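This report describes the chains, the packing and a few single residues of the structure shown below.

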Amino acid sequence: MQSGSTASALDVDSDHAGSGTLDNYDPNRRSKDLTTRRDSQTGPDRPFKPAQLARIDEALTLASRETGLLFSVYVGDLGSASRATAEAMFGKLAARHPAPVLLAVSPAQRRLEIVTGGESARRIPNRVASLAALAMRGSFSSGDLTGGIVTGLRQLADAAGVA
Amino acid sequence: MSIVETTLIFVGIPAAVFLLVAALVFGGAAARTPRYRPGGAWQFEPVWYLPHPEHSQPASSASPDGAHQALPGAAGRALPGQAAEVALASGGASGEW
């Protein structure tokens, strides 16, 4: 794992899921700009330990790089209408990238949503997404959030194929 | 050997080893970040992760950040400002655990 590199974390206001700092996302920002953010992304108030975050970052970046789709992982509250909230967040991603895939996990509600659309829906059929969701559910049931997320990302990326 | 020596050797040493192993097993960093258990409360702020920016550009489309400064990597790609269709959420899956 490259030192200092980590996924861009966008803090999302829990009342308005999706209204976070997605506007600051610059796909061409150099990796060194992210080193200062790493310290803010792990710690007792963050859900993932550094090793777990590194695994998620690696899976996310690898999946996006190989498939050309924009994979994104959200862990947090999804409200009572989790599917609608996840689709709204997907809409924010779709404004920035032609083919995003959103994995939304709400440990509080114990729900996970995989949202695809457009190009990503053509390359990842719903039955494949269901299989990935099943695998993720198995991991989450035993308390392994990181493993479930990484498994889901890998399955979806494998199904989507190389760009 | 006296009784004290016997006790120390045959009881104390195994007890010391036992306590050392127990400390290594239970005293680790796992105690600091509580492990997630299904059904437990989730007290963290929401986080939303995107992939590392350098290689996440799609192979075929224009850069979506037309409003920002000129992007060095986009020189050889499709014209910026090309109307790209916005994907609508149309598929995926849900799950509960």
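## Chains and fold

Chain A contains six helices and four strands. Their order along the sequence is β-α-α-β-α-β-β-α-α-α. The model is a predicted one. Of the 163 residues of chain A, 50% count as buried. Where contacts in chain A link residues at least 6 apart in sequence, 61% of them join residues at least 24 apart.

Chain B has one helix and two strands, and its pattern along the sequence is α-β-β. Of its 97 residues, 19% count as buried.

## Confidence in chain A

The average pLDDT of chain A is 78, and 73% of the residues score at least 70. Residues 1-21 of chain A have a pLDDT below 50, and this stretch has 60 contacts in the model beyond near neighbours in sequence. A further stretch of chain A, residues 29-38, stays under 50 in pLDDT, and the model has 13 contacts for it beyond four places in sequence. Where pLDDT is low, the predicted coordinates should not be read in detail.

The largest nonpolar core has 49 residues. Those with the most contacts inside the core are A:Ile56, A:Leu102, A:Ala104, A:Leu153 and A:Leu156. Helix H6 of chain A, residues 145-160, gives the most to this core, with seven residues.

For A:Ala104, leaving aside neighbours within four places in sequence, the contacts are A:Tyr74, A:Leu78, A:Ala86, A:Met89, A:Leu112 and A:Glu113.

Two packed helices are described by the angle between their axes and the distance between the axes. Helix H2 (residues 50-67) of chain A and H6(A) have axes that come within 9 Å and cross at roughly 10°. H2(A) is therefore roughly parallel to H6(A), because angles under 35 degrees count as such. On the H2(A) side the contact is made by A:Gln52, A:Arg55, A:Ile56, A:Ala59, A:Leu60, A:Ala63, A:Glu66 and A:Thr67. On the H6(A) side the residues are A:Thr146, A:Ile149, A:Val150, A:Leu153, A:Arg154, A:Leu156, A:Ala157 and A:Ala160. By class, this contact of H2(A) with H6(A) has ten nonpolar, three polar and three charged residues.

| Residue | Other C-beta atoms within 10 Å | Class |
|---|---|---|
| A:Arg110 | 16 | partly exposed |
| A:Gly138 | 15 | partly exposed |
| A:Pro98 | 21 | buried |

A:Arg110 lies in the loop between strand S3 (100-106) and strand S4 (111-117) of chain A. Most residues other than glycine have a negative phi. In A:Arg110 phi is near 60°, a positive value in a residue other than glycine.

A:Gly138 is part of helix H5 (residues 126-141) of chain A. The C-alpha atoms of A:Gly138 and A:Gly148 are 7.5 Å apart in space, and these residues are ten apart in sequence.

A:Pro98 sits in the loop between helix H3 (82-94) and S3 of chain A. Why does A:Pro98 count as buried? A:Pro98 has 21 C-beta neighbours inside 10 Å, and a residue is buried because 20 or more such atoms lie within that distance. A:Pro98 and A:Leu70 are 28 residues apart along the chain, with 8.3 Å separating their C-alpha atoms.

Conventions
Residues are numbered from 1 along each chain as its sequence is written. Chains are lettered from A and ligands numbered from 1 in the order in which they are written. This is a predicted model: local features need pLDDT of at least 70, side-chain atom pairs count only at pLDDT 80 or more; totals for chains, interfaces and linings use all residues. A residue is buried if 20 or more other C-beta atoms lie within 10 Å of its own, exposed if 12 or fewer, and partly exposed in between; C-beta atoms are placed from the backbone. A nonpolar core is a set of buried Ala, Val, Leu, Ile, Met, Phe, Trp, Tyr and Cys residues joined through C-beta atoms within 7 Å. Two residues are in contact if their C-beta atoms, placed from the backbone, lie within 7 Å. Axes are lines fitted to C-alpha atoms, for helices over the stretch in contact, and angles run from 0 to 180 degrees between N-to-C directions. Angles under 35 degrees count as roughly parallel, over 145 as roughly antiparallel, 65 to 115 as roughly perpendicular and the rest as oblique. Ala, Val, Leu, Ile, Met, Phe, Trp, Tyr, Cys and Pro count as nonpolar, Asp, Glu, Lys and Arg as charged, and the others, Gly among them, as polar. pLDDT is the predictor's confidence in each residue, from 0 to 100.
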